[in-house]
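User: Could you please take me through this structure step by step? I am new to reading such models.

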Amino acid sequence: MILVFIVVFCALIALGFGAAAAWSDAARLIIPNMYAACVGAAFIPAFLMVTVFAPESTFFAPWKSHLIAAIVMLGITYILFYFKLMGGGDSKFLTVYALWSGLGGLMPFLFITAVTGGLLGVITLILGKYKPVQTPAEGGWVARAQSGAQDVPYGVAIFVGALFTFWQVGYLQPETIQALATGE
């Protein structure tokens, strides 16, 4: 039972820091490095606990799947960062959630993140055109959008993609957690 507690706790830590990063990105258009580091660090004890104490479990994909997903994401986002098409915080945030998703969850993660990012982009354009918020928080995404900047808080989209993926791969599904607890 301690195994399940630690694994679920680590997943909730990863999502908690993801929520904090999304909030920070919406409020200041900054994702602190510490948030991405904590999301990545939370994966390690969860994965090791399952590997050591429930090696027959399919709760996580094989380690190579998680590592390859993270390396591929880091490579792609580094190129986007190099050409100034993506921020460094977004790159790190995507990479650590790709580590959690593994190759099996990577495409759904990227799809939901892209759709959410697109919606945020449309909202940014609407905010810039109609300026519906009377007194937006100074320096935040809404204030910047209403002043004509086209910055989008992709940290929000990444977090939404991560939430969906954590559910989709089973980290938050009661059936999957119960299977881990019973050793199935």
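This is a predicted model: local features need pLDDT of at least 70, side-chain atom pairs count only at pLDDT 80 or more; totals for chains, interfaces and linings use all residues.

User: Which elements does the chain have, and in what order do they run?

Analyst: From the N terminus on, the order is α-α-α-α-α-α-α. The chain holds seven helices and zero strands. Its radius of gyration is 18 Å, close to the 16 Å that the globule rule gives for 184 residues, so the chain is as compact as a globular protein of that length.

User: What does the C-alpha trace span along its principal axes?

Analyst: The span is about 55 × 30 × 25 Å.

User: How many of the residues are buried, as a percentage?

Analyst: Of the 184 residues in the chain, 43% are buried.

User: Changing topic: how far apart are the mean positions of the positive and negative charges?

Analyst: They are 16 Å apart, with 7 positive and 7 negative charges in the chain.

User: Now the rings. How many aromatic pairs are there?

Analyst: The structure holds 17 aromatic pairs. One of them joins Phe43 and Phe47: the ring centres are 5.3 Å apart and the planes meet at 25°, so this pair is stacked, the cut-off being under 30 degrees.

User: Where do Phe43 and Phe47 lie?

Analyst: Both belong to helix α2, which covers residues 33–53, and they are four residues apart, about one turn of the helix. Phe43 and Phe47 are both buried.

User: What about the pair of Phe47 and Phe60: why is it called tilted?

Analyst: The ring centres of Phe47 and Phe60 are 5.4 Å apart and their planes stand at 55°, so the pair is tilted. This pair links distant parts of the chain, since Phe47 is in helix α2 while Phe60 is in the loop between α2 and α3 (63–82), 13 residues apart.

User: Is Phe60 buried or exposed?

Analyst: Phe60 is buried, as is Phe47.

User: Which residues do ring pairs link into a cluster?

Analyst: The cluster consists of Phe43, Phe47, Phe59, Phe60, Phe93, Tyr97, Trp100, Phe109, Phe166 and Tyr171.

Technical notes
Residues are numbered from 1 along each chain as its sequence is written. Side-chain values use heavy atoms; hydrogens and water are left out. Helices (H or I, at least four residues) and strands (E, at least two) are DSSP runs, numbered from the N terminus. The radius of gyration is taken over C-alpha atoms; the globule rule is 2.2 Å times the number of residues to the power 0.38. Buried means under 20% relative accessible area, exposed over 50%, partly exposed in between (1.4 Å probe, protein chains only). Lys and Arg count as positive and Asp and Glu as negative; His and the chain ends are not counted. The place of a charge is taken as NZ of Lys, CZ of Arg, CG of Asp or CD of Glu. Rings of Phe, Tyr and Trp (its six-membered ring) pair if their centres lie within 6.5 Å; planes under 30 degrees apart count as stacked, over 60 as edge-to-face and the rest as tilted.
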